[in-house]
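Work through the exercises below with the structure open. Try each task before reading its solution.

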Amino acid sequence: MISETEFFNEIFEDFICIENEVHENELWKSNSIIRLMQISCEIEDTKIIEDGLKIILDLSKFQEGGSLVDSYESESYSLNELIEPEKKILESILKTEFI
């Protein structure tokens, strides 16, 4: 029986090793979903299956030209675009953390 940690480690390792090409990524996505479904009968928690599918689909998104989308980067914005109250909060957090 494979644990969810082992499964996620396997698909992340495979993901890191693939080329940044549409074809390679589609193969990785298909193989990862197939492996997830194969081990789903061994995993009692269905939330892990849902999370696994979300992670696989998030990792397999593309920008134009075949480059992978960083879902965290696409939903964030530049520090220069922060409004003044947010900048002060961020500065105080960073000072507390690192000074």
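**Exercise 1. Count the salt bridges.**
How many salt bridges does a search of the whole structure find?

*Solution.* Keep in mind that this is a predicted model. Side chains of opposite charge can pair when their charged atoms come close. The cut-off is a side-chain nitrogen of Lys or Arg within 4 Å of a carboxyl oxygen of Asp or Glu. The search of the whole structure returns four such bridges.

**Exercise 2. Trace a network.**
Which residues are linked to E10 in a network of salt bridges?

*Solution.* 
- Step 1. Start at E10. Its salt bridge is with R35, and the closest N and O atoms are 3.4 Å apart.
- Step 2. E10 sits in helix α1 and R35 in helix α2, so the bridge ties together parts 25 residues apart in sequence.
- Step 3. Move on from R35. R35 also forms a salt bridge with D14, with 2.6 Å between the closest N and O atoms.
- Step 4. D14 belongs to helix α1 and R35 to helix α2, so parts 21 residues apart in sequence are tied together.
- Step 5. Join the pairs. E10, D14 and R35 make up a salt-bridge network.
- Step 6. E10 has 33% and is partly exposed. D14, at 32%, is partly exposed. R35 counts as partly exposed at 22%.

**Exercise 3. Describe the helix packing.**
At what angle do helix α1 and helix α2 pack, and how far apart are their axes?

*Solution.* 
- Step 1. Two packed helices are described by the angle between their axes and the distance between the axes.
- Step 2. Read both values. Helix α1 (residues 4-17) and helix α2 (residues 22-39) pack at about 170 degrees, and their axes are 10 Å apart.
- Step 3. Apply the cut-off. Angles over 145 degrees count as roughly antiparallel. Therefore α1 and α2 are roughly antiparallel to each other.
- Step 4. List the contact. From α1 come F7, E10, I11, D14 and F15; from α2 come N25, W28, S32, R35, L36 and I39.
- Step 5. Sort these residues. Six are nonpolar, two polar and three charged.

Notes: Residues are numbered from 1 along each chain as its sequence is written. This is a predicted model: local features need pLDDT of at least 70, side-chain atom pairs count only at pLDDT 80 or more; totals for chains, interfaces and linings use all residues. Side-chain values use heavy atoms; hydrogens and water are left out. Axes are lines fitted to C-alpha atoms, for helices over the stretch in contact, and angles run from 0 to 180 degrees between N-to-C directions. Helices (H or I, at least four residues) and strands (E, at least two) are DSSP runs, numbered from the N terminus. Angles under 35 degrees count as roughly parallel, over 145 as roughly antiparallel, 65 to 115 as roughly perpendicular and the rest as oblique. Contact means heavy atoms within 4.5 Å. Ala, Val, Leu, Ile, Met, Phe, Trp, Tyr, Cys and Pro count as nonpolar, Asp, Glu, Lys and Arg as charged, and the others, Gly among them, as polar. Buried means under 20% relative accessible area, exposed over 50%, partly exposed in between (1.4 Å probe, protein chains only).
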